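Please look at the model first.

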Amino acid sequence: MDLLDLIKNSGIIGAGGAGFPTHAKLTSKAEYILLNGAECEPLLRVDQQLMELFPDEIIKGLEAAGRYIEARKAIIGIKGKHKKVIVLLRERIAALGLSDYMEVMELRDIYPAGDEQVLVHELTQRIVPEVSIPLKVGCVVINSETALNISKALAGNPVTETYITIAGDIPQPRTVKVPVGVSIREVIGQCGIENVDDYAVIDGGPMMGSVMNKVDGYVTKKSKGYVLLKKDHFLIRKKTVSPDRARVIGKTACEQCRMCTDLCPRYLLGHNMQPHKVMRALSYNLEDVKEQQIAQLCCECNACELFSCPANLHPKSVNSLYKQKLAEQGIKYQPVQVDFQARSARDYRLIPSKRLVIKIGLTAFDKPAPLTQVEFQPEYVEIALRQHIGAPAIPVVAIGEQVKAGQLIGKIPDNSLGATVHSSFDGTVQEIKDNSIVIKVG
């Protein structure tokens, strides 16, 4: 079977982030294929451990994808602080006879090194244009778990599990392999917390993740981390400010110091993203949202809101507000530049990860989260039909049907961007909802 069809049929998506279907990324040729092993979100520990535990599989998955798109070079980007993993990867690349094709490049320990556009520049010195994608400059980016899943697909195994770090103000930070569809409460229960309701839970990393209203969901293929903090922690209080409250605070207190812009990773790459100008529009009641199109350049890394602003305001939230208004009016940012150059001050304005951890109050929780073997035995799993960017999968099973682990239960709609979904356990289809399939395990 063609590799693209194999990846498509296995339901491989970006493991983390928005969950872009991987087969759609590999439809065009590119000069470079880049492996994003930066994992720059504080406290998360998945990628670094997968590269140490499964180096051969990740290397082979990356190579297969790179050869398919006819990339002349494959580059693994990993932070230089992970010295043991770097040595191991280089040894395995040499042992597999891939030294002429693949290399490991060390990244600086900065945030957000894992942003695709920052990663492309750090590894190739190229700059992705505004409102564009890495392919525009000859690059395709996948992460380490996606490469691992490609390797598994080559062995005939679809995506039915993911790796998740549970961290924060907890007794036992750990990383676990979790079958897709297991309840989030059951996953969090592995970290030594008796009552989850005493905590606020961030779904994802502490910078870009959101605070869950209720801990009642189910694990998806793009789940990467759960960070538990006391409800009065600074980060929780900051993240749970309502959009209306953020707007009022910004409107009354922004003094236009432009620190949000000066430290913005996209601005430093030469883009026109200038959060202080969007804050100015808010302060002066500039109602013509067409003039605020630069808000659409925001990657929502939250550096401005959680690190840069000396007045503790909410520029990312204001950017999001204008992005929503622009989308409602069908207005899209139109770039005026073609070529971009990194700003001369960029090297002096990068955000060190350790300083970021201190600023957001996580130093005491910045600990290892070792991969721990856990056997999940749920009574039910609920598998979402939309775990990815694009259209939801269409069920191909019926209520009462017996299914096997790894069996296809949802297909991609015709002529649509999407991803297949598979059962993570043997069991019986109990219910088919609008957005999920419930399977009774056993």
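Ile75 stands opposite Glu103 in strand 3. The model is predicted.

**Parallel sheet**
- Strand 2 covers residues 73-79 and runs parallel to strand 3, with six bridges joining the two.
- These strands belong to an open sheet of four strands, paired in parallel, in the order 3-2-1-5.
- Strand 3 (102-107) and strand 5 (139-143) are the edge strands, and each pairs on one side only.
- On average, neighbouring strands of this sheet are turned by 25° against each other, direction ignored.

**Helix on the parallel sheet**
- Helix 4, residues 55-68, packs on this sheet.
- The helix touches strand 1 (32-37), strand 2, strand 3 and strand 5.
- The direction of helix 4 makes about 150° with that of strand 1.

- An open sheet of three strands pairs in the antiparallel sense, in the order 13-15-16.
- Strand 13 (394-395) and strand 16 (421-422) stand at its edges. Each has a single partner strand, so one side of each is left without a neighbour in the sheet.
- Two bridges link strand 13 to strand 15 (residues 408-411), and the pairing is antiparallel.
- Ile394 has Lys411, in strand 15, as its bridge partner.

Technical notes
Residues are numbered from 1 along each chain as its sequence is written. This is a predicted model: local features need pLDDT of at least 70, side-chain atom pairs count only at pLDDT 80 or more; totals for chains, interfaces and linings use all residues. Side-chain values use heavy atoms; hydrogens and water are left out. Two strands pair if DSSP finds at least two bridges between them. Axes are lines fitted to C-alpha atoms, for helices over the stretch in contact, and angles run from 0 to 180 degrees between N-to-C directions. Contact means heavy atoms within 4.5 Å.
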